[in-house]
Amino acid sequence: EGEGEGEGEGEGEGEEEGEEGEEEEVKEEQEKPKKVEGEGDEEEEKEEVKEEQEKETEEEKKEIETENGEKAAEKSKVSEETSDETEGERIVSEENTKKTGEENVESEEKGEGAGEESKENEGGMQTKEKKEKKRPSKEPQMKLEGSKWIISDFFFSDNEGESVKPLVVEVGELKQSLIVSFCTNVTVQVVGKLTSIVLNSCENCTLVAESVVANIELVRCQSSSISFTGTVPQVCVDKSSSISISTSSPTPSLEVVSSLVQDLVVKYPAADAVSELQVVEVPSVHRYQLVENKLRHLQ
């Protein structure tokens, strides 16, 4: 009996152990697939995320390449337009040059028959081209204000100037002076002795005077002349051209001061008082030499 009980107990224990083992195996098998299935899902998600990222990266690269291609195309188009504009400007420039050359040829052909209208003066200065003179906008006037005679804005054409009578100034007292300004083709005759005379901005004008106490001054005058029969201590000429100064009687002393003047001549009687007037051209260019701390004028 004891052996039977022992065997019975042993078999019971073996069966229980066998059942427990089977339960553990079933449990492990049930857990094992779940674990594998969970790990597989995670890996699939990771792969999907990775594929999406790669896809996005490729799309970005394509967009960048597309943008770069468009920019390159725009730059190429702009470059072509600039090249076309440059070519057009070059063609226009060549046409203008050709046209200018033809105009120069025509001008030279015309100039051969017409001759020169202007010439170069000494010192590199040039006379202005002859143009049709305009009449002054102001009304001409000749009046005595206090002790000052004023003659201004008288204009006569070249043909009219020859037939117009001189403007005569009759001096009432010694302290009177005369100012002639902005006149063209006018002759002014002074009767009597004045303190001073000024000609300002006059052209083709003639002044005939007797005597002056101080001086006669010409400023910005062209193709004008002054003459006097008595005594004039000094004549000043400034910024003028083609000026003539003449005296018909011997004068004890006449000083001529010139500044920026072209073509200035002085006429005076010869020593024998029989010959014609002597003509001396005042040079517009002067030479000086410094010798022993003294500046000497060279003729």
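Reader: In which strand is Leu295 placed?

Author: Leu295 is in strand 16 (residues 294-298). The structure is a predicted model, in which local features need pLDDT of at least 70, side-chain atom pairs count only at pLDDT 80 or more, and totals for chains, interfaces and linings use all residues. Residues are numbered from 1 along each chain as its sequence is written, and side-chain values use heavy atoms, with hydrogens and water left out.

Reader: What makes a segment a strand or a helix?

Author: Both are DSSP runs, numbered from the N terminus: a helix is a run of H or I with at least four residues, and a strand is a run of E with at least two. The protein has two helices and 16 strands.

Reader: Why is Leu295 called exposed?

Author: The classes are buried (under 20% relative accessible area), exposed (over 50%) and partly exposed (in between), computed with a 1.4 Å probe and protein chains only. Leu295 has a relative accessible area of 63% and is therefore exposed. Of the 299 residues of the protein, 20% count as buried.

Reader: How do you know that Glu145 forms a salt bridge with Lys143?

Author: A salt bridge requires a side-chain nitrogen of Lys or Arg within 4 Å of a carboxyl oxygen of Asp or Glu. For Glu145 and Lys143, the closest N and O atoms are 2.8 Å apart, and the pair qualifies. By this rule the count is one salt bridge. Glu145 is partly exposed because its relative accessibility is 43%, and Lys143 is likewise partly exposed, at 32%.

Reader: Which residues make the nonpolar surface patch, and what is its area?

Author: Tyr288, Leu290 and Leu295 make a nonpolar patch of about 380 Å². Patches consist of residues with over 30% relative accessible area and no salt bridge; like charges are joined within 9 Å, and nonpolar side chains (Val, Leu, Ile, Met, Phe, Trp, Tyr) within 5 Å. The protein as a whole exposes about 22700 Å², of which carbon and sulfur atoms supply 46%. Such areas come from the Shrake-Rupley method with a 1.4 Å probe; for residues, only the protein chains shown count as cover.

Reader: What makes strand 4 largely enclosed by the rest of the structure?

Author: Four of the five residues of strand 4 are buried, so the strand is largely enclosed.

Reader: How do you know that strand 2 and strand 4 pair?

Author: Two strands pair if DSSP finds at least two bridges between them. Strand 2 (residues 148-152) and strand 4 have five bridges, in the parallel sense; Trp149 has Leu178 of strand 4 as its bridge partner. Strand 4 and strand 7 also run parallel, joined by four bridges, and Ile179 has Val198 of strand 7 as its bridge partner.

Reader: Why is Cys205 called buried?

Author: Cys205 has a relative accessibility of 4%, so it counts as buried. Cys205 is placed in the loop between strand 7 and strand 8. Contact means heavy atoms within 4.5 Å. Apart from neighbours within four places in sequence, the contacts of Cys205 include Cys183, Asn185 and Ser224. Cys205 and Asn185 are 20 residues apart in sequence, while their C-alpha atoms are 5.1 Å apart.

Reader: What does the side chain of Asn185 reach?

Author: The side chain of Asn185 reaches the backbone oxygen of Phe156 at 2.6 Å. A polar contact is a pair of N or O atoms within 3.5 Å; within protein, one must be able to donate a hydrogen and the other to accept it, and residues adjacent in sequence count only if both atoms are side-chain atoms. Asn185 itself lies in the loop between strand 4 (177-181) and strand 5 (187-191). At 12% relative accessible area, Asn185 is buried.

Reader: What is the phi of Asn204, and where is this residue found?

Author: Asn204 has a positive phi of about 55°, although it is not a glycine. Most residues other than glycine have a negative phi. Asn204 is found in the loop between strand 7 (197-200) and strand 8 (206-209), and is partly exposed at 28% relative accessible area. Leu260 also has a positive phi, near 55°. Leu260 lies in strand 13 (residues 255-268) and is exposed, because its relative accessible area is 59%.
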